[in-house]
Amino acid sequence: MNPRPSSRLSGYYQKSIEERVAILAEWADLCADEVDLLHTALTLAQADKMIENVVGRYALPLGVGANFLINGDEHLIPMVIEEPSVVAAVSFAARLARTGGGFFTGSTDPIMIAQIQLLDVPDPVAAERAIRAEEADLLAAANTSSTIARLGGGPRRLEIRHLADTAVGPMLIVHLHFDCRDAMGANAVNTAAETIAPRLETLSGGRVLLRILSNLTDQRRAWAEVLIPAASFSTHDYSGEAVVQGIVEANAFALADPYRATTHNKGIFNGIDAVLIATSNDWRAVAAGGHAYAARSGQYRALTDWRWISGIEDFSAVDSHPFSPSRLSNIQYPALYGRLEMPLSVGIVGGATRTHPLAGVALKILGVTSARQLSEIVVAVGLAQNLAAVRALVTDGIQRGHMRLHARQIAITAGAREDQVDPIATRLVHEGTIRVERARELLTQIGQP
Ligand code: MEV
């Protein structure tokens, strides 16, 4: 694929929907049918094939997160979400990140874990030995997905865990590690677990109960990092250094306190879920895994790490980082360093990524060629979304931006025409009375009830 044009879209939000679509279509080289899908999306017949008891379709807005530079590549981000401000905020944060060269990302191999629960095992140590002796055969038997095998994936290894003390006595838990390549892999992994379960039962002398993947996909992680000069954060009212200091302090709060961490991480998922929904990935699975990972120390904490960086020497405290020596010496200090790492199981083949017609368009806009690449974009969006939220919280507070969008919605509810929405919203915010009755009064004053 040719390098894409810049994703820095100035004033995109002020354009009409038609203009935005035209810009996006040209940018992502969408054909007329793909553009059509943006408006028509899923047919009832397609919906009926996706789930049971279908009676209709439920539409949500699809927006575009702009300005993303990830590993030096330009990206526009399709985002499906009902909450105002999220798309604007993430685009703003991505613009800030560009001043430091954008996001840098990485990921592990896409290894999923299937769990097989064995109960009533007479001798767990002997059972472990017996299972280990047969590991190669068990892995061969677990190679049940020809599609994933064709992509170069498949079963990789067994891990055996002894849960000595549960409410119903000891259990032996076998983890099957399965490389899913470009598939999310839930079906393949569950099938593999069910296939080898009878042999594990025989080998252990116990009784198999559950055979299901774990959504704590800690072997399938992605991470994103960013380094932004403090000067980029300065505004009329705040110095860049004060904002960066505030972000570091806010992160410390979310690392120390589960009440704050929950909200902090929710902000991360605002961005992550929106991309997962746009690409028809299982956002409940990713959310479950992310929250569990946030509690891996025994306490639920922020998933992000934000640090004040005074100069190159501060990087001696960061274990490994993606910034080249020339970037480190050219960037203006002090700077803000951020990192988000979390389990991220996504697919670009199979499942709803293929049955929902818009998922294909979303993947094309993203320009991804592998599930790993998608997971890396998703985690960069999560980091950007968190940056936007925390930056707002440590400066004006979150309500100012929300109020403006809220005021626009109130103006629309009051019956404002397209050209009246912004002037009415501005008046409502200025007066501090964001109510439908007031919007109606203002409309009457300018001659439209
Ligand atoms: C709102 O959807 C998300 C935030 O609450 C996240 C946060 O507090 O960091 C703004």
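Let's start at the ligand: one of its oxygen atoms sits 2.7 Å from an N or O atom in the side chain of Lys266. Glu83 has a side-chain N or O atom that is also 2.7 Å from an oxygen atom of the ligand. Then there's Asn270, with a polar side-chain atom 2.9 Å from a ligand oxygen. These are polar contacts, meaning pairs of N or O atoms within 3.5 Å (within protein, one must be able to donate a hydrogen and the other to accept it, and residues adjacent in sequence count only if both atoms are side-chain atoms). On its own the ligand has 290 Å² of accessible area, and the protein covers 86% of that. Such areas come from the Shrake-Rupley method with a 1.4 Å probe, and for residues only the protein chains shown count as cover.

Before going on, keep in mind that this is a predicted model, where local features need pLDDT of at least 70 and side-chain atom pairs count only at pLDDT 80 or more, while totals for chains, interfaces and linings use all residues. Residues are numbered from 1 along each chain as its sequence is written, and side-chain values use heavy atoms, with hydrogens and water left out.

So what else is around the ligand? The shell is made up of Glu83, Arg260, Thr263, His264, Lys266, Gly267, Asn270, Ala389, Leu393 and Ile398; a residue is near a molecule if one of its heavy atoms lies within 4 Å of it. Helix α10 gives the most to this shell, with six residues. (Helices are DSSP runs of H or I with at least four residues, strands are runs of E with at least two, and both are numbered from the N terminus.) By type, the shell has three nonpolar, four polar and three charged residues. Here Ala, Val, Leu, Ile, Met, Phe, Trp, Tyr, Cys and Pro count as nonpolar, Asp, Glu, Lys and Arg as charged, and the others, Gly among them, as polar.

Now for the charged pairs. Side chains of opposite charge can pair when their charged atoms come close. A salt bridge is counted when a side-chain nitrogen of Lys or Arg is within 4 Å of a carboxyl oxygen of Asp or Glu, and by this rule there are 20 of them. Take Arg372 and Asp109, whose closest N and O atoms are 3.1 Å apart in a salt bridge. This pair links distant parts of the chain, with Arg372 in helix α15 and Asp109 in the loop between β3 (104–107) and β4 (111–119), 263 residues apart. Arg372 is partly exposed at 28% relative accessible area, and Asp109 is partly exposed too, at 38%. (Buried means under 20%, exposed over 50%, and partly exposed in between, with a 1.4 Å probe and protein chains only.) Both belong to a network of salt bridges that links Asp109, Arg156, Asp179, Arg181 and Arg372.

Two other pairs are worth a look. Arg132 and Glu135 meet in a salt bridge at 2.5 Å, N to O; Arg132 is partly exposed at 34%, whereas Glu135 is buried at 17%. Arg427 and Glu431 form a salt bridge with their closest N and O atoms 3.2 Å apart. Because they are four residues apart in helix α17 (residues 418–431), about one helical turn separates them.
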